[in-house]
Amino acid sequence: MSANILSRTTPRTLPGRHSNFLRDAAPHSSVQATEKPSPIVSDRRAHQAQQPPILRSHPDPDVSVDIVHHANAVSEFTKKDILPSTHLGDKGRLKRPGRNGEFKERGSLLHSPRTSVPSAKQKTWNRWQQLELKKDRARYNKKVKDTRPQNVRADLYIPTVVTVGQFARLLNVRLGTLQRKMVQAGMRDEIPYDYVLTSDYAALLAEEFGRNPIINDEAAFDLYPPPPHPTPHLLPLRPPVVTIMGHVDHGKTTLLDTLRSSSVAASEAGGITQHIGAFCVPVTSPSDSGLDATYTNNTSDERLITFLDTPGHAAFSAMRARGTSVTDIVILVVAADDGVMPQTLEVIDLVNREKDRGNVGMVVAINKVDKEAANVAKTKQALLAANVSLEEYGGDVPCVEVSGLTGRGLPDLIETLALMADVMDLRAERDCSAVGYVLESKVQKGLGPVATVLVSRGILTPGTPLLAGTSISSTRMLLSSFSQPLLSAGPGTPVLVTGWKSLPAAGDEVLASNEADIKRAKANRLRKKSTDEVLQDVEALNAMRKADREKSPADEQTQSKGEGGKRELKIVVKGDVSGSVEALVGALEGTGNHLAGVRIVSTGVGDVTESDIMMAKSVDAMVVAFSVSIPRSIQSIASQNGVVVHMSDIIYRVMDHIQDCVVSMLPCTYETKVVGEATVIQLFDIHMKGKITKKIAGCRVGNGVVEKTCTARVIREGQVIHEGTLRTLRHLKKEVTEVGKGTECGINLLDFDDLHEGDMVQMVKTIEIPGKL
């Protein structure tokens with residue numbers, strides 16, 4: 001009987017004026033409706049009152065009703081009791097039962113002793129009611145849009161399989177950050193660097209970092225350094241990388257010159273280092289006396305040490321941080337006469353941060369101990385106060401007293417460096433593809449774009465294709481720090497690499513591979529870079545529009561009364577190397593305040609060209625040429641187009657000049673100063689030609705000096721009645737320009753003759769006070 005009930009075809013009527021079609025009472029039946037006249041039922045309750053349902057004390061055992069799993073339970077009931085419950089909705093459209101929220105009554109649910117009728121406010125198992133509720137929600141969501149600001153989710157292309165270390169580079173986060181997120185997600189066993197993740201796990205982790213994962217092997221292809229060697233203690237030794245850091249003018253370059261018997265400091269502009277220099281210096285063993293400064297091969301009594309010389313000026317903080325990230329040992333140079341200075345504290349903070357991340361040692365070299373004003377004890381106390389634990393005070397940081405000018409203490413410094421290198425046991429593999437970092441890049445005449453690369457792993461040879469950022473090199477030639485060609489460069493060796501198609505940025509990682517993989521990786525990096533730029537522009541635009549919406553009417557009125565908002569000094573920067581351009585841009589962008597500031601329009605490495613002048617003209621900018629030359633033809637083009645070009649080889653002079661230019665753009669304040677006072681004693685009438693009478697006031701100067709060029713202010717009974725200029729200022733019939741205190745004079749004002757005896761004439765000067773940053 002259950003099958004007969006489910007497949008019954010007894011029709012019921014759909015009442016209405018426009019339709020007399022019949023349909024099956026069961027909504028799941030496939031029997032089509034046929035046209036047949038039927039009476040109109042207007043009220044379901046009235047119909048139920050006329051035909052009461054037949055109650056059964058024992059239901060049919062063949063019918064099994066399960067209201068938990070089946071929303072539309074069907075039981076045995078008289079066909080006459082199945083009543084129509086539909087009606088016409090708006091515009092004559094037929095509505096199914098339960099569309100207005102009422103419970104769709106069925107005989108089995110109403111009269112079965114095993115079930116109870118739920119109220120209209122409770123959730124029911126009516127399928128049509130759930131569909132209608134879902135449609136209503138869809139209509140509401142379509143009409144009412146969510147206007148809350150949403151973060152832009154960047155697309156992240158993920159390969160089918162990826163290691164944890166490579167995935168951290170794809171996400172552009174630190175490996176420790178990714179590993180902590182994996183631990184939180186319950187993936188503690190999968191956090192090793194070389195563990196291979198599937199695309200499913202990688203996609204879930206990418207969503208945790210707010211990315212939109214896309215599985216695409218071709219778009220996700222990139223170059224990565226090879227994984228770490230499983231047994232690093234069996235690898236060959238490499239030269240230590242030692243970075244000399246400290247405050248400006250504390251003798252870092254002079255100390256390095258003495259180590260390698262050169263004179264780099266004497267040839268630097270302004271006497272300060274403005275580039276990062278890398279030198280591989282062979283030094284003798286501590287037992288030998290003296291230093292061998294010639295570039296020779298590593299013999300039994302010599303060892304190679306790579307020195308990095310970093311600038312000490314405050315503007316080169318990014319360059320110092322780049323030097324610290326690739327170094328093994330930091331020599332902190334502190335002048336004995338100056339002590340601890342601001343950049344000294346910055347270096348200490350950088351070293352402490354690198355100690356937390358890896359194995360970085362530090363040696364303190366107290367320089368200039370040969371000067372009379374040197375105070376070594378005071379300098380050591382200042383270092384202790386700066387959280388530097390020296391060995392002689394029970395710490396772990398060795399301290400050596402040296403003199404870069406005389407060479408005093410340098411053998412002790414070399415011995416300390418050698419001992420620290422032996423303790424750190426610095427090793428690197430040589431049989432893998434070359435990996436390094438760009439320390440500096442520039443355009444060199446005759447060689448084109450060149451870059452100083454510090455090799456960290458592998459062996460770099462001429463002809464090896466390289467990729468640094470989005471720059472490709474064919475490695476035409478390798479040059480040493482002494483401009484000698486090299487056949488190969490091992491770990492810990494700085495070399496000058498030529499053959500770059502474009503100039504790489506300082507700090508980029510250099511990877512060696514085949515040409516096909518390098519081209520694929522470059523295309524993907526360029527696409528990702530353009531996508532990131534677009535997302536940054538979108539976020540900036542959203543932030544600007546949000547600020548405009550939140551701006552109050554008072555702020556808008558204040559801005560409308562101003563002189564066009566914040567003024568900007570547009571600058572086109574050209575420098576000799578990429579690191580110096582980066583430092584100069586960082587120093588100039590912070591110049592200004594809320595009224596006037598600096599905006600960098602364009603940056604580049606190399607000499608100033610005609611295109612730079614035309615760009616500056618189009619945006620009304622000035623050109624800053626830092627340590628580069630400007631041909632005479634380019635100078636004439638700049639003068640013809642009215643473009644200001646500023647040339648300098650010293651960074652702090654450029655900063656001072658730009659700061660003066662920004663100050664001149666600030667609004668000035670004006671101050672009124674009284675320079676003299678005169679009292680009217682007697683009035684005289686002087687007859688001029690043409691029967692014109694001129695009134696002259698005889699005055700005595702009481703305070704200050706009465707100057708003819710100043711503004712005259714007439715004060716009567718404490719109130720200013722006139723303010724203008726002097727027409728005549730005479731003393732004993734002579735026209736004078738100023739009259740001193742205690743002197744009598746005659747005064748005639750321009751366009752004012754109503755002077756009375758006892759009036760006071762004040763001479764006022766307006767002083768313009770320039771703005772301050």
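Which residues point one way from E21 and which the other way, and are they buried or exposed?

A: This is a predicted model, in which local features need pLDDT of at least 70 and side-chain atom pairs count only at pLDDT 80 or more, while totals for chains, interfaces and linings use all residues. Residues are numbered from 1 along each chain as its sequence is written, and side-chain values use heavy atoms, with hydrogens and water left out.

From strand E21 (509–512), Glu509 and Leu511 point one way, whereas Val510 and Ala512 point the other way, and all are buried (under 20% relative accessible area with a 1.4 Å probe, protein chains only; exposed is over 50%, partly exposed in between). In a regular strand the side chains alternate between the two faces of the sheet.

E21 belongs to an open sheet of seven strands, whose order is E18-E17-E21-E15-E16-E20-E19 and whose pairing is antiparallel. Strands here are DSSP runs of E with at least two residues, helices are runs of H or I with at least four, and both are numbered from the N terminus; two strands pair if DSSP finds at least two bridges between them. On one side of E21, strand E15 (residues 435–444) pairs with E21 in the antiparallel sense over three bridges, and Leu511 of E21 is the bridge partner of Val435. E17 is likewise joined to E21 by three bridges, the two strands running antiparallel, and here Val510 of E21 stands opposite Ala468.

E19 pairs with strand E20 (residues 494–498) in the antiparallel sense over two bridges, and the partner of Leu478 in E20 is Val497. Helix H13 (residues 515–550) packs on this sheet, where it touches E17 (466–468), E18 and E21, and its direction makes about 15° with that of E17. Contact means heavy atoms within 4.5 Å, and axes are lines fitted to C-alpha atoms, for helices over the stretch in contact, with angles from 0 to 180 degrees between N-to-C directions.

Helix H16 (residues 610–618) packs against helix H17 (residues 632–640) at about 15°, with the axes 10 Å apart, and the contact is made by Glu610, Ile613 and Met614 of H16 together with Ile634, Ile637 and Ala638 of H17. The axes of helix H5 (residues 164–171) and helix H6 (residues 175–184) come within 9 Å and cross at roughly 110°; Val164, Gly165, Phe167, Ala168 and Leu171 in H5 meet Leu175, Leu178 and Met182 in H6.

Elsewhere, Asp656 lies in helix H18 (residues 651–665) and counts as partly exposed at 42% relative accessibility. Although Asp656 and Leu588 are 68 residues apart in sequence, their C-alpha atoms are 9.8 Å apart in space.

For the chain as a whole, there are 18 helices and 34 strands, and 41% of the 773 residues count as buried. Among contacts with a separation of 6 or more, 70% come from residues 24 or more positions apart.
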